[in-house]
There are 2 protein chains.
Amino acid sequence: MSDSRPGVADLLGVLAYAELTAFLRLAEEAARHAPTLTDRAALGDLAAAEYAHFRLLRDRLASLGVDPEEAMAPFVDALDGWHERTAPNDWLEALVKAYVGTGIALDFYREAAAHVDAETRSLVEEVLADEGRCQFAVDRVGAALEEDPKPAGRLALWARRMVGEALSQARRVAEARPELAVLLVSADGEDVTRMFNRLTEAHGRRMAALGLTPGP
Amino acid sequence: MSDSRPGVADLLGVLAYAELTAFLRLAEEAARHAPTLTDRAALGDLAAAEYAHFRLLRDRLASLGVDPEEAMAPFVDALDGWHERTAPNDWLEALVKAYVGTGIALDFYREAAAHVDAETRSLVEEVLADEGRCQFAVDRVGAALEEDPKPAGRLALWARRMVGEALSQARRVAEARPELAVLLVSADGEDVTRMFNRLTEAHGRRMAALGLTPGP
C-alpha cells in the first residue's frame, strides 16, 4: 500500500478537520457549560489534546505534499452539520458529547488504521494512545447520575441522537467521497454496513460505561 | 523572596485564569470568524499555546500547595468582563484582539517577572519565549489594510477600547487584591500609575506594528 491513493488524503483530511473542529467546539462548550473552573480545565485538557492530534494530521498531510486546507474542505459541511445538530444544552450533555463524540472518532481511527500505510498507522496509533483522556467525563456523568438519576433517560436519548447524526453524516461523506469509503472497506471485502454495525456496538459499550444502558 | 507571599498565588492565579479564558475565547473566535481553515488553524495554534501556558501555571500553583481553582476565582469576573466588553465582531477585530490581548498579557508577565522568586520567574520566561506566536496576526492585519485601508480607523478605536478596558479591569483587580498590587510595585517603590504608563507605551508600539498609528 502506498500513500498516494486518493483515499489517504481524504482520510487524513476528514480526521484533521474532525480534530480541529472538536478542539474548537470543546473549548466553546467548556467556556459555556462547565460549572467550575476545574471542570472547565478538564474539558480544556481534552480540547488541547484534540488540537495536538490536528497538528499531527496537518503535518502528515503537508509531508505528503497535500494542502491541509484542501484536504479538509470536503468534510467541513458534514462535520459542522454534526456539531450543529448536537450542540449540548448543559454540562451533562457536553460531557456525554465529549465522551461519545471522541469515542466515535477513535473507532473511526481504529477502522482506518487497518487500511493505511505504516507511517500513517503510527500516527493513528499515537492518537489512539490518548484514549484514556475521556475517562473524566464518564466519572462525572456517573457521579451526577448516582446523585440524581432523573437525567439518565434524557442523556440516553441525547447519546443516541449523537450516534444517529454521526452515522447519517458518515453516509453522506461516503457517498460524496467514494475513494474514502473504498479505502475503509477495501481490505477484506467487507461492506460499509458491517463497519457501521461495529461502530454501533462500540457505542453501546460506551453507553453502558456511562450508566446509560438501553432499556429492555 | 519566597513563594509564600500571598501575592504570588494571586499572581499565578490571575495569569492562569487569563490563559485558560484566552484559550477558550480564542478557540471560539477562531470557530466563529476565521475566513479559511488555515486562518482557523492559525488562531487555534495561538489558543493551544495559551492552554499550554495555563497548564504550566496550574502545575506551579499545585506544587505550591495552592488549589488552582481557588487561586483563579478572584479574577474570573474581571477577566470575563474584559472578554465580554471586547468580543470581536469580525475576523480583523479578532486578529487585533489576539495580538493586543496577548501583548498586554505578556507585558504583565514581564512586569511580574521582576518581582517573583527564581522558580516562578523561569516559568514566566518560558511563557515569554512564545512571544513570536502572534506575528501571524500582525501580518494578516497588515496585508488586509494594504488591500483596503478603510477599516484602519475602526480597528484603531477597537484596539484602544481593548487597552482601556484592560486598564479599567486591572485597576478593579488591584483594588480588590492589594497583595497583588503590592507585589507588582514593591521592588523599587514605583507606583501603579507608572507601570500602567509602561503598559500603555508598549501598546502604542503594538499599534504601530499593526499599521494602526495614532493620528497626530
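Visitor: Does Val163(A) count as buried or exposed?
Guide: The relative accessibility of Val163(A) is 11%. The cut-offs are under 20% relative accessible area for buried, over 50% for exposed, and partly exposed in between (1.4 Å probe, protein chains only). At 11%, Val163(A) therefore counts as buried.

Visitor: What kind of model is this, and how are its parts numbered?
Guide: Residues are numbered from 1 along each chain as its sequence is written, while chains are lettered from A and ligands numbered from 1 in the order in which they are written. Side-chain values use heavy atoms, without hydrogens and water; local features need pLDDT of at least 70, side-chain atom pairs count only at pLDDT 80 or more, and totals for chains, interfaces and linings use all residues, as this is a predicted model.

Visitor: Which residues does Val163(A) touch, not counting those up to four places away in sequence?
Guide: Val163(A) sits in helix H8 of chain A. Helices are DSSP runs (H or I, at least four residues), numbered from the N terminus. Contact means heavy atoms within 4.5 Å. By that rule, Val163(A) touches Ile104(A) and His203(A).

Visitor: Which residues is Ala152(A) in contact with, leaving aside neighbours within four places in sequence?
Guide: Ala152(A) also belongs to H8 of chain A, residues 152-176. Its relative accessible area is 22%, so Ala152(A) is partly exposed. Beyond its sequence neighbours within four places, Ala152(A) contacts Leu145(A) and Leu212(A).

Visitor: How many residues of H4 (residues 76-85) of chain A are buried?
Guide: The buried residues of H4(A) are Val76(A), Ala78(A), Leu79(A), Asp80(A), Gly81(A), Trp82(A) and His83(A). The helix is mostly covered. Of its 10 residues, the number buried is 7.

Visitor: Is Glu84(B) buried or exposed?
Guide: Glu84(B) is found in H4 of chain B, residues 76-85. Its relative accessible area is 55%. Glu84(B) is therefore exposed.

Visitor: What distance separates the C-alpha atoms of Ala113(B) and Val124(B)?
Guide: Ala113(B) is found in H5 of chain B. With a relative accessible area of 10%, Ala113(B) is buried. Leaving aside neighbours within four places in sequence, its contacts are Arg121(B) and Val124(B). Ala113(B) and Val124(B) are 11 residues apart along the chain, and their C-alpha atoms are separated by 6.2 Å.

Visitor: At what angle do the axes of H5 and H8 of chain B cross?
Guide: Axes are lines fitted to C-alpha atoms, for helices over the stretch in contact, with angles from 0 to 180 degrees between N-to-C directions. The axes of H5 (residues 91-113) and H8 (residues 152-176) of chain B come within 10 Å. They cross at roughly 35°.

Visitor: How many charged residues are in the contact of H5(B) with H8(B)?
Guide: H5(B) brings Leu92(B), Glu93(B), Val96(B), Lys97(B), Val100(B) and Ile104(B); H8(B) brings Arg154(B), Leu155(B), Trp158(B), Ala159(B), Met162(B), Val163(B) and Ala166(B). Ala, Val, Leu, Ile, Met, Phe, Trp, Tyr, Cys and Pro count as nonpolar, Asp, Glu, Lys and Arg as charged, and the others, Gly among them, as polar. The contact has 10 nonpolar residues and no polar ones, and its charged residues number 3.

Visitor: How much area do chain A and chain B bury between them?
Guide: The contact joins 27 residues of chain A to 27 of chain B. Buried area is the accessible area (1.4 Å probe) that two parts lose on being put together, summed over both. Carbon and sulfur atoms carry 61% of it, and the total is about 2100 Å².

Visitor: How many disulfides does a search of the whole structure find?
Guide: Cys134(A) is buried at 4% relative accessibility, and Cys134(B) is buried at 4%. A disulfide is a pair of cysteine sulfur atoms within 2.5 Å. Over all chains, the number found is 0.

Conventions: Helix = DSSP H or I, 4+ residues; strand = E, 2+ residues; numbered from the N terminus.
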